[in-house]
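My entries follow in the order in which I made them.

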Amino acid sequence: MQDILEQLDTLIRQRMAAGNTDESYVATLHKQGLNKILEKVGEEAVETILAAKDVASQGPDALVYETADLWFHTLVMLAEAGSSSDAVLKELARRFGLSGLDEKAARSLKH
């Protein structure tokens, strides 16, 4: 599955660079700037939360759909910030095997 994230990262960067807002949603978001992208991430996060709340009555399909939207918009946000899914995967790998409580405590010591 990491391949699909790499492919999406590449496609997002290509569409941002091409700048063709007539044919690319990503280019449109990029042209509108970081605040618009953040707005979309927030909107998708809320929709994901609402789908999770309704999963008992609606089933998991809507949750999966909304999570895909959230992940996609998060990838656009990362690209806009000069990062990628690879950086997130490396951070998750770094945390793998650590107690979540220990990792959170270490973060609070740094701040």
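**Helix packing and pocket**

I began with α2 and α5, and noted that α2 passes α5 in a right-handed crossing; a crossing is right-handed if the near helix is turned clockwise from the far one by less than a right angle, and left-handed if anticlockwise. I record that this is a predicted model, in which local features need pLDDT of at least 70, side-chain atom pairs count only at pLDDT 80 or more, and totals for chains, interfaces and linings use all residues. Residues are numbered from 1 along each chain as its sequence is written, and side-chain values use heavy atoms, with hydrogens and water left out.

**Entry: overall content.** I found 7 helices and 0 strands in the protein chain, where helices (H or I, at least four residues) and strands (E, at least two) are DSSP runs numbered from the N terminus. The C-alpha atoms fill a box of roughly 45 × 40 × 30 Å along the principal axes.

**Entry: α2 with α5.** I looked up the geometry of helix α2 (residues 25-32) against α5: the angle is about 50° and the axes are 11 Å apart. Axes here are lines fitted to C-alpha atoms, for helices over the stretch in contact, and angles run from 0 to 180 degrees between N-to-C directions. The angle makes α2 oblique to α5; under 35 degrees counts as roughly parallel, over 145 as roughly antiparallel, 65 to 115 as roughly perpendicular and the rest as oblique. Tyr-25, Val-26, Leu-29 and His-30 of α2 meet Phe-72, His-73, Val-76 and Glu-80 of α5, contact meaning heavy atoms within 4.5 Å. I sorted the residues of this contact into 5 nonpolar, 2 polar and 1 charged; Ala, Val, Leu, Ile, Met, Phe, Trp, Tyr, Cys and Pro count as nonpolar, Asp, Glu, Lys and Arg as charged, and the others, Gly among them, as polar.

**Entry: α1 with α5.** For helix α1 (residues 2-18) and helix α5 (residues 61-80), I read that the axes come within 10 Å and cross at roughly 60°. That makes α1 oblique to α5, and this crossing is right-handed. On the α1 side I listed Leu-5, Leu-8, Asp-9, Ile-12 and Met-16, and on the α5 side Phe-72, Leu-75, Val-76, Ala-79 and Glu-80. The contact has 8 nonpolar, no polar and 2 charged residues.

**Entry: α1 with α6.** I found α1 and α6 packed at about 145°, with axes 9 Å apart. Gln-2, Leu-5, Glu-6 and Asp-9 of α1 meet Ser-85, Asp-86 and Leu-89 of α6. By class, I noted 2 nonpolar, 2 polar and 3 charged residues in this contact.

**Entry: largest pocket.** Which residues line the largest pocket? I listed Leu-5, Trp-71, Thr-74, Leu-75, Leu-78, Ser-85, Val-88 and Leu-89. α5 gives the most to this lining, with 4 residues. The lining divides into 6 nonpolar, 2 polar and no charged residues. A pocket is an open set of points on a 1 Å grid over the protein atoms alone, where a 1.4 Å probe fits, with protein on both sides within 12 Å along at least five of seven lines; lining residues have an atom within 4 Å of a point.
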